[in-house]
Structure formats: structure tokens, C-alpha cells
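Biologist: Please take me through this structure step by step. Start with a term that I shall need for side chains.

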Amino acid sequence: MTSAGREGATTGRRLEQAIVTLLEQRGPTATICPSDAARAVYAGDGDGWRDLMEPARRAARRLVTAGEVEITQGGRTVDPAGARGPVRIRRASPGAASADGASE
């Protein structure tokens with residue numbers, strides 16, 4: 001594995017953990033934006049966190065597959081593979097582990 005591949009995997013794990021941690025810090029039905037996780041993981045100044053937006057969305061999709069979170073648009077759970085535009089992330093409802101057929 002190249003150093004870039006290792007860094008990407010490490011960043012992905014950090015983004016997944018940031019998503020879980022941010023949701024744990026909020027109420028049980030609260031949502032976060034993928035940008036919240038990107039900002040939490042980005043170590044620099046300025047708007048470099050924007051480069052982590054797609055990796056944050058991928059991290060959220062992996063967590064959907066694991067049954068840990070749901071991705072929503074307009075307050076409704078959506079299949080992450082078909083989601084376009086702004087999304088929110090929330091804890092998965094009990095028993096909802098990929099029940100909507102969501103996959104990465």
C-alpha cells in the first residue's frame with residue numbers, strides 16, 4: 001500500500017470516528033453535516049477542510065453499511081448511493097441497519 005493509500009485509510013477512519021463522536025455529543029435524534037466531521041478532522045487553518053467533504057461522505061456511507069448511521073435529505077432517510085446535494089447524518093434507528101437497501 002502506498003503512503004497516500006495509508007493516509008487515505010487513516011483519514012477515513014478518523015472521519016468515521018468524528019461522525020460517531022459528534023453524534024454521541026448530541027441528542028438521540030440530532031443530525032450533523034458531513035462538513036462537521038471534515039472540520040473536526042482537518043488540522044490546518046482556513047477552508048482546507050473542504051477537501052475532506054467527499055471523504056466524509058464516503059465515511060458516512062461506510063457507517064450506513066455498518067448500520068451505525070442513516071443519511072437523510074429533507075428529514076427522510078435516503079439511499080446514500082443515490083443522494084445528490086446536501087445531506088445530513090443521524091444515528092441509525094434501532095433495527096434499521098441498512099433496511100432501506102443502502103450500500104456504498
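Modeller: A polar contact is a pair of N or O atoms within 3.5 Å; within protein, one must be able to donate a hydrogen and the other to accept it, and residues adjacent in sequence count only if both atoms are side-chain atoms. One such case is the side chain of Y42, which reaches the backbone oxygen of D45 at 3.3 Å.

Biologist: What kind of model is this, and how are residues numbered?

Modeller: The model is predicted: local features need pLDDT of at least 70 and side-chain atom pairs count only at pLDDT 80 or more, while totals for chains, interfaces and linings use all residues. Residues are numbered from 1 along each chain as its sequence is written, and side-chain values use heavy atoms, with hydrogens and water left out.

Biologist: Back to Y42, then. Where does Y42 lie?

Modeller: Y42 is in the loop between α2 and α3. Helices (H or I, at least four residues) and strands (E, at least two) are DSSP runs, numbered from the N terminus.

Biologist: Which residues is Y42 in contact with?

Modeller: Leaving aside neighbours within four places in sequence, Y42 is in contact (heavy atoms within 4.5 Å) with G48, W49 and L52. As for R14, 28 residues separate Y42 from R14 in sequence, and their C-alpha atoms are 9.9 Å apart in space.

Biologist: Now the overall picture. How many helices and strands are there?

Modeller: The protein has three helices and four strands. Along the sequence, they follow the pattern α-β-α-α-β-β-β.

Biologist: What is the strand order in the sheet?

Modeller: The four strands form an open sheet in the order β1-β4-β2-β3, with antiparallel pairing. At the edges are β1 (31–32) and β3 (76–77), each of which pairs on one side only. Two strands pair if DSSP finds at least two bridges between them.

Biologist: How many bridges join β2 and β4?

Modeller: Four bridges join β2 and β4 in the antiparallel sense. Antiparallel pairing over two bridges links β1 and β4, and two bridges also hold β2 (residues 69–73) and β3 in the antiparallel sense.

Biologist: Which residues stand opposite T72?

Modeller: T72 stands opposite T77 in β3 and opposite R88 in β4. Elsewhere in the sheet, T31 has R90 in β4 as its bridge partner.

Biologist: What about G74: where is G74?

Modeller: G74 is in the loop between β2 and β3. With a relative accessible area of 81%, G74 is exposed.

Biologist: What does the side chain of E70 reach?

Modeller: The side chain of E70 makes a polar contact with the side chain of R90 at 2.7 Å. It also reaches the backbone nitrogen of S93 at 3.3 Å.

Biologist: Which residues of α3 are buried?

Modeller: The buried residues of α3 are P55, A56, R57, A59, A60, R61, L63 and V64. Just after α3, G67 takes a positive phi of about 80°.

Biologist: Finally, what percentage of the protein counts as buried?

Modeller: Of the 104 residues, 35% count as buried. Among contacts between residues at least 6 apart in sequence, 44% join residues at least 24 apart.

Technical notes
Buried < 20%, exposed > 50% of the residue type's maximum accessible area, 1.4 Å probe, protein only.
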